[in-house]
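Here's a quick briefing for anyone meeting this protein for the first time. Have a look at the sequence and structure, then read on.

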Amino acid sequence: MPRDGSATFRELRLPFVEINKAYPENYSFRCVEVGVFKGLNAKKFLDEMNIEHAWLVDCWGHFENEPQTVSNHNIDKDPDFWKRTYEEVQALFQTYSNVTIVKAWSEEAVDIVPNDLDFVYLDADHTYDASLKDIELWFPKIKTGGWLMGDDYMWEGTHRAVNEFVEKHNYILHSGSKNTQWWFIKNYNPGEK
Ligand SMILES: C[S@@+](CC[C@H](N)C(=O)[O-])C[C@H]1O[C@@H](n2cnc3c(N)ncnc32)[C@H](O)[C@@H]1O
């Protein structure tokens with residue numbers, strides 16, 4: 001991954017650029033993306049970073065609470081859409097031996113994916129309840145010093161959930177200038193898993 005990159009790249013890829021800069025150059029990341037859709041973001045970080053292993057988690061099926069993104073296009077009403085999308089993602093990563101595709105709900109996937117992850121990128125259901133649940137589910141999967149990060153910080157639900165969690169646990173929140181990307185580092189915190 002370029003260490004500085006273009007302006008567009010910096011805006012959209014900020015947490016990935018920042019974590020890449022923060023770790024030693026040859027470090028190999030174990031990571032998860034929750035909410036993969038067509039795999040565009042996953043393909044970018046897989047191609048641009050040194051990834052030991054990535055678990056790509058998505059239900060690839062109808063879900064209720066995402067009116068502003070996927071459902072906006074009415075694609076979730078087409079019964080074949082999610083089947084085709086899942087197949088496209090399988091084809092996209094067919095040659096990647098460092099990828100495990102996990103077709104499951106986020107809450108099921110936490111029990112499938114191993115612990116001690118370097119980062120988890122959350123980009124699934126952006127309602128408040130789902131955002132908070134995802135943060136609480138995936139945070140314990142990250143090793144101390146690892147990063148929890150995500151998309152769509154400008155959405156009210158995600159914004160509130162991220163802020164609440166960070167304030168409660170006394171972490172330092174980072175966000176991009178466009179307010180889409182957010183991330184914080186899981187520091188050593190006695191008493192916390
Ligand atoms: C905004 S899209 C992800 C886009 C992707 N991160 C990218 O940038 O290319 C959201 C995805 O989250 C998935 N999703 C929503 N709620 C989920 C849940 N509870 N568990 C698993 N996947 C979920 C949807 O199926 C959809 O594909």
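Leu56 touches Glu33, Val36, Gly39, Ala42, Val99, Ile101 and Val102, leaving aside residues up to four places away in sequence; touching, or contact, means that C-beta atoms placed from the backbone lie within 7 Å. Keep in mind that this is a predicted model: local features need pLDDT of at least 70, side-chain atom pairs count only at pLDDT 80 or more, and totals for chains, interfaces and linings use all residues. Residues are numbered from 1 along each chain as its sequence is written.

**The core**
- Leu56 is also one of the residues with the most contacts inside the largest nonpolar core, which has 44 residues.
- Such a core is a set of buried Ala, Val, Leu, Ile, Met, Phe, Trp, Tyr and Cys residues joined through C-beta atoms within 7 Å.
- Strand 4 (residues 117–122) gives the most to this core, with five residues.

**Helix 5**
- Ala130, Ser131, Asp134, Ile135 and Trp138 are buried in helix 5 (residues 128–138); buried means 20 or more other C-beta atoms within 10 Å of a residue's own, exposed 12 or fewer, and partly exposed in between, with C-beta atoms placed from the backbone.
- They sit on the same side of helix 5 because they cover an arc of only 135° around the axis, taken from the directions from the helix axis to the C-beta atoms.
- Exposed Asp129 and Glu136 are on the face turned away from that buried side.

**The whole protein**
- There are six helices and seven strands, counted as DSSP runs numbered from the N terminus (helices: H or I, at least four residues; strands: E, at least two).
- Of the 193 residues, 36% count as buried.

Note on methods: Two residues are in contact if their C-beta atoms, placed from the backbone, lie within 7 Å.
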